[in-house]
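These notebook entries record what I looked up in one protein structure. I began with the whole chain and then turned to single elements and residues.

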Amino acid sequence: MSTEIDINKLKAEIKNDKQRRLILFGIFATGLIGLYVLVHFSPHLTDTERSIVYRIPKYPRHIAELLDVINRYSDNNLFYVLFAFIYLYIFMQSFAIPGPVFLSLLSGQLFGPIPAFLLVCFCATTGASLCYGLSYSLARGLVLNKFPNQIVNFNKKINQNRDNLFFYMLFLRFTPLIPNVSINVSGPIVGLPFKYFFFGTLFGLMPGNIIHIRTGLLIQELNDFSTSYQAILTLIGLSLIALLPTLFKKKLQELDDKGLSKSKKE
């Protein structure tokens, strides 16, 4: 059954949501404190290693240098590195903070391809689910005030695909038609059931996770001055695959708009 949302009505219902925002801020502040404690009590790093770890990676060589430091570090502190990875990934994903993709790139070198894949799938799905829950319970006012038009449009798309929401979620995760962060924060507001959100996220992000992990492994391999043409060709192939959804984005949007027009006529 199609259910159109009324943005003004929703805003009126949560007009006085200062308490929710304070709780949300408190949870975020607690997460930051936990991150500070994690860094403060971390095993010792040299000044050079710290400068590499705290630097935001801008180039492939930065990622490779970071991998070198973390690989040496994790040899003696594996459980600390594992816990820090999970904590940081889920924290950033929960609050829609950019950065999880860099952790995905690092994961293959840290834990091996298969463990990294399982770990990234767990962290990405858990973080997205927590973001869904925070948006539903505490951040509805913020999301509605910041993205009212996007909420209305996404609600229309959800209503068009009520009969196949799981496959529509897979479609959204496979393509950049709607950014993943937007899906995470607006999903509960537009009435996307959690079960479809969860499983659509779990399986829909798997191809991207594989690409990120494999790319991180190849960056390290190329940084070691490997002359493997297979590695270079694989990296180029992965880059082209990653570009495919963007190249087809316009066509997908046209098809989506046609579907919406047809729905209105009916």
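The entries below go from the overall chain to selected details.

**Entry 1: the whole chain.** I noted at the start that this is a predicted model. I looked up the secondary structure and found 15 helices and zero strands in the protein chain. I then checked burial: of the 266 residues, 41% are buried. For the accessible surface I recorded about 15,500 Å², with 66% of this area belonging to carbon and sulfur atoms. I also looked at contacts between residues with a separation of 6 or more, and 77% of these join residues 24 or more positions apart.

Entry 2: I turned to helix α5, residues 78-94, and helix α7, residues 113-137. Their axes lie 7 Å apart, and the helices pack at an angle of about 35°. The crossing of α5 and α7 is right-handed. I listed some of the residues that meet here: α5 contributes Leu 82, Phe 85 and Ile 90, among others, while α7 contributes residues including Phe 122, Cys 131 and Leu 134.

**Entry 3: Leu 130.** Leu 130 counts as partly exposed because its relative accessibility is 42%, which falls between the cut-offs of 20% and 50%.

**Entry 4: a salt bridge.** How many salt bridges does a search of the whole structure find? I recorded one. Its partners are the side chains of Glu 49 and Arg 72, with an N to O distance of 3.8 Å. The pair links distant parts of the chain, as Glu 49 is in helix α3 (residues 47-54) and Arg 72 is in helix α4 (residues 60-76), 23 residues apart.

**Entry 5: a nonpolar patch.** Last, I looked at the surface and found a nonpolar patch formed by Ile 33, Tyr 36, Val 37 and Phe 41. Together these residues have about 470 Å² of accessible area. Val 37 sits in helix α2, residues 18-40. With a relative accessibility of 39%, Val 37 counts as partly exposed.

Key: Residues numbered from 1 in each chain as written. Predicted model: local features only at pLDDT ≥ 70, side-chain atom pairs only at ≥ 80, totals over all residues. Heavy atoms only, no water. Helix = DSSP H or I, 4+ residues; strand = E, 2+ residues; numbered from the N terminus. Buried < 20%, exposed > 50% of the residue type's maximum accessible area, 1.4 Å probe, protein only. Patch = residues over 30% accessible without salt bridge, like charges linked within 9 Å, V, L, I, M, F, W, Y side chains within 5 Å. Areas by Shrake-Rupley, 256 points an atom, 1.4 Å probe, with all protein chains shown as cover. Salt bridge = Lys/Arg side-chain N within 4 Å of Asp/Glu carboxyl O. Axes fitted to C-alpha atoms, helices over the stretch in contact; angles between N-to-C directions. Left-handed = near helix turned anticlockwise from the far one by under 90°. Contact = heavy atoms within 4.5 Å.
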